[in-house]
Amino acid sequence: MANVRIFIGKGGVGKSTCASLEAVRSQAGGIDTLLDSMDPAHNLHDIFRVPLSSRGTRILPGLTIRESDKQKMIRAYLKSIRTELKGIYHYQQALNIDSYFSILSHAPGMEEHAALLVLQRCYEDHRHEQIIIDTPPTALTLKMLALPKVNLEWISHLVEMRRQIVSKKNGVAKIRKEQMATLEEDPVYARLMTMSDRYRSLIASLEDSSTTEIDLVMNEDELSLAESLMIRQELEVLGLSVHRVLLNKAGRSSPYVQRIRAAFPHSSIEVVSRHPGELTGMDQLQQHVQKTAIVL
Ligand SMILES: Nc1ncnc2c1ncn2[C@@H]1O[C@H](COP(=O)(O)OP(=O)(O)OP(=O)(O)O)[C@@H](O)[C@H]1O
Ligand SMILES: [Mg+2]
């Protein structure tokens, strides 16, 4: 079983609820579990009906829930880069790096980057045996999953540019009879290499099915089936696949089971029944887990 499980799906299909049920089931099976929300509109505290925090709250022995504060993570990330850049570029005053960074936290793509920071933190977590991730709606999650490959592509171009810059700097140094530097001694090149190692490692973790499992949640309706097929296609482009489809708020004899089987021949299918009334609070969730473990 993979130790990081990402719950993905169309808005409102029950990602947070199914991720919560999975976390409750995992804890009941004696597995030390972390349920982490990377959705900016956190609602795990409403589902469990307990106050939660961005640092993580242990609500039962073996069950911790965290509502990650992505804005805080972005601020910490930008602060560390700003400090590093100031160390590398002595002429930073001319670039006015400080004002540039205060705008950068609102730049397009930051939300996806923040989500990736949450994912990376999950991979680096060795305190829990199982980590279940509740995601924001599809578009943002897919962009987040694409980010390591997109960034790696950009970095390869930047590496080439840096290679040329270092070579030209060495050309000038030679004429001036100054000391030349190897590419490996260049701090910008070293930084690019660190970044590229980080994204390679994220891609390896995402693509390794013993580390990461993608669970797709859907309902018995055409719109959620259509979006699920689109998600499958987009994941394939990224070299990722759906491990399990959860047909939520449905019955075992749903006609959608056959359609899902045809569309996702390599995924397991699980039906999660519709709970009459609100499915919130630990008691309801625990009872629902016992009733609904229908794996087809
Ligand atoms: N199996 C179920 N039985 C009954 N109600 C359910 C079930 N699953 C989800 N719900 C209800 O459906 C609504 C949407 O569920 P949830 O918030 O988990 O969806 P979501 O996919 O996480 O939504 P969002 O895209 O907004 O994050 C909630 O009111 C939830 O209580
Ligand atoms: Mg949700």
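Start with Arg 259. It lies over the face of Tyr 256, and the distance to the ring centre is 5.0 Å. Keep in mind that this is a predicted model. There is a second arrangement of this kind. The charged end of Arg 232 sits over the ring of Phe 264, at 5.7 Å from the centre of that ring. How many aromatic pairs does the count give? The count comes to 0. The rule asks for ring centres within 6.5 Å.

On to polar contacts. Ser 16 puts a polar side-chain atom 2.8 Å from an oxygen atom of ligand 1. Gly 12 works through its backbone: a polar atom there is 2.9 Å from a ligand 1 oxygen. Asp 39 uses its side chain, with a polar atom 3.4 Å from an oxygen of ligand 1. For that last one, remember the cut-off: N or O atoms within 3.5 Å.

Last, burial. Ligand 1 taken alone exposes 630 Å². The protein buries 76% of that area.

That's my part. Over to you.

Methods
Residues numbered from 1 in each chain as written. Chains lettered and ligands numbered in written order. Predicted model: local features only at pLDDT ≥ 70, side-chain atom pairs only at ≥ 80, totals over all residues. Heavy atoms only, no water. Phe/Tyr/Trp six-rings, centres within 6.5 Å; stacked < 30°, edge-to-face > 60°. Lys NZ or Arg CZ within 6 Å of the ring centre and 35° of its normal. Polar contact = N/O pair within 3.5 Å; in protein donor to acceptor, adjacent residues only side chain to side chain. Areas by Shrake-Rupley, 256 points an atom, 1.4 Å probe, with all protein chains shown as cover.
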